[in-house]
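Here is a short report on a protein model. It covers confidence first, then the sheet and the helices around it.

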Amino acid sequence: MQKNGSILVVDDEEIMREILETLLKGEGYAVRTAVSGEEGVELARNIPFDAAIVDVMMPGIDGMTTLESLKKLDDELAVIMVTAFASVENAINAMKRGAFDYITKPFKNDEVLVVIKNALERRRLVNENRTLRQNIQEQYSHFDNIVGRSPSMRRVFDLIIQAAPSRSTILIQGESGTGKELVARAVHMHSQRKERAFVTVNSGNLPPDLLESTLFGHVKGAFTGAVYPKKGLFDLADKGSIFLDEIGNIPLETQAKLLRVMQEREFMRLGGMEVIKVDVRIIAATNVDLRRMVDEGKFREDLYYRLHVITVQLPALRERKDDVPLLVQHFLEKYGVENSRPNLELAPEALDLLMDYDWPGNVRELENVIERATVLTSGSRIDAEMIPDNVRSSRRFQMPQFVVPPEGISYRDAEASFQRGLIESALEAAGGVQKRAAELLQIKPTTLNEMIKRHDIRPRRKKAPNGSASRAEDNDTEHETVA
Ligand SMILES: Nc1ncnc2c1ncn2[C@@H]1O[C@H](COP(=O)(O)OP(=O)(O)OP(=O)(O)O)[C@@H](O)[C@H]1O
Ligand SMILES: [Mg+2]
């Protein structure tokens, strides 16, 4: 295939084929001709083309049918229909069926060349896009150091790639520990600003005055103690990106100043008169519902809309559990290297526990669990014992499977036995402490106590922490405290 692209010409008239072939070859395109739709489709079956020019009026299978067959072979092939002036309607019809464009006879050479150029350009874009996507979606389960191959994470990767090069403000939303900061850095690293500063502002940590002087700087004497003038982070981030973490924590007064920087790209230092121009890409993150804050009057509505140009929503880990094994692998490698413990493995039972857990602290929590286990494990395998109690004890509740026997069953008895089983497991999980068991079942301790009596549930033997069995009756004092 020549570098300029290859084109299929399908026309029953010899003179038309010659005109087009000469014209296109003259421009450096590779050209194959076919005298009929059948022949054209056959050629396309064997040779990949970038574009096809197809006459509408042909004996045998007509142009329309040829178009359809060609599109079946390659959905993205740009097919250009050639039609006599009288049948423009036909051509429009063809566009509806997926033709790229049409030209009417008699045509000017330039016209053909422009249409072909457009077609190949689009073809190139489609290909590029596809390669890009395939690279991210199939080859990699990572994007920079962001791990994930669930559809929701792939959408995040796509969005980063698309949005990074522009100057548009980006708002990253997600629960704590979902990777907002990682995404912010990735956006910066995939922009032309990557050589410049990436400045992080943790809006939550500072009292309002200090936050403003941190962001915008101050002049000498701006306030007591301002002995020296100081540049702000917006100065430092010029030509780079500024990451406003926890933007929901920014006080209303400061929000107004922030809005000004976003709108006018300029600001004044505290106590200063000089207007300073900056070129900064703003990336903001929040784990709170900003819309609700707007409704409560805690967040400026205009700033809210300014921030919502491009929004990246990071999924909670419990919404993408398929990624857990991948993340585990990632962190095993990371902490394995740090702790000189290469080739550490996770026992399948341990992974089961991790898969069952809901991860309220998201990826950060999982990372901590793996780090801890890596450090504490002595062998080459991390066993289930290495998984912290809070993770293992929260195995999700599974409703028992009910099978009604053919002879039927007493509803009352079944319900009572279900209640009984539930209470017994709650007591067991609570180590026999009724108050705790009531919490687990989200009922009042008095209610639980009544039910224990009604079902005549006796404290069961339970395992003491040191492994030896002890009588749960020892805990009777605990039972009684809540009765
Ligand atoms: N997809 C991921 N792949 C690998 N590591 C991740 C991923 N998401 C988060 N992490 C890791 O989890 C930790 C928390 O991530 P990060 O600080 O970006 O979260 P966050 O959303 O900013 O949390 P917070 O709201 O608490 O500030 C970091 O150590 C980060 O490297
Ligand atoms: Mg963060």
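This is a predicted model. Its chain averages a pLDDT (the predictor's confidence in each residue, from 0 to 100) of 86, and 90% of the residues score at least 70. Over residues 462-483, pLDDT stays under 50. Where pLDDT is low, the predicted coordinates should not be read in detail.

Five strands make an open, parallel sheet, ordered S2-S1-S3-S4-S5. Strands here are DSSP E runs of at least two residues, and helices are H or I runs of at least four, numbered from the N terminus. Two strands pair if DSSP finds at least two bridges between them. S2 (30-34) and S5 (101-105) are the edge strands, each pairing on one side only. S1 (residues 6-10) and S3 (residues 51-55) run parallel, joined by four bridges. Leucine 8 has alanine 52 in S3 as its bridge partner.

Angles run from 0 to 180 degrees between N-to-C directions, with axes fitted to C-alpha atoms, for helices over the stretch in contact.

| Helix | Strands touched | Angle to S2 |
|---|---|---|
| H2 | S1 and S2 | about 140 degrees |

H2 (residues 37-46) also packs with H3 (residues 63-73), at about 10 degrees and with axes 10 Å apart. The two helices are therefore roughly parallel (angles under 35 degrees). Gly37 and Val41 are among the H2 residues in this contact, and Leu70 and Leu73 among those of H3.

Residues are numbered from 1 along each chain as its sequence is written. Local features need pLDDT of at least 70.

Notes. Chains lettered and ligands numbered in written order. Predicted model: local features only at pLDDT ≥ 70, side-chain atom pairs only at ≥ 80, totals over all residues. Heavy atoms only, no water. Parallel < 35°, antiparallel > 145°, perpendicular 65-115°, else oblique. Contact = heavy atoms within 4.5 Å.
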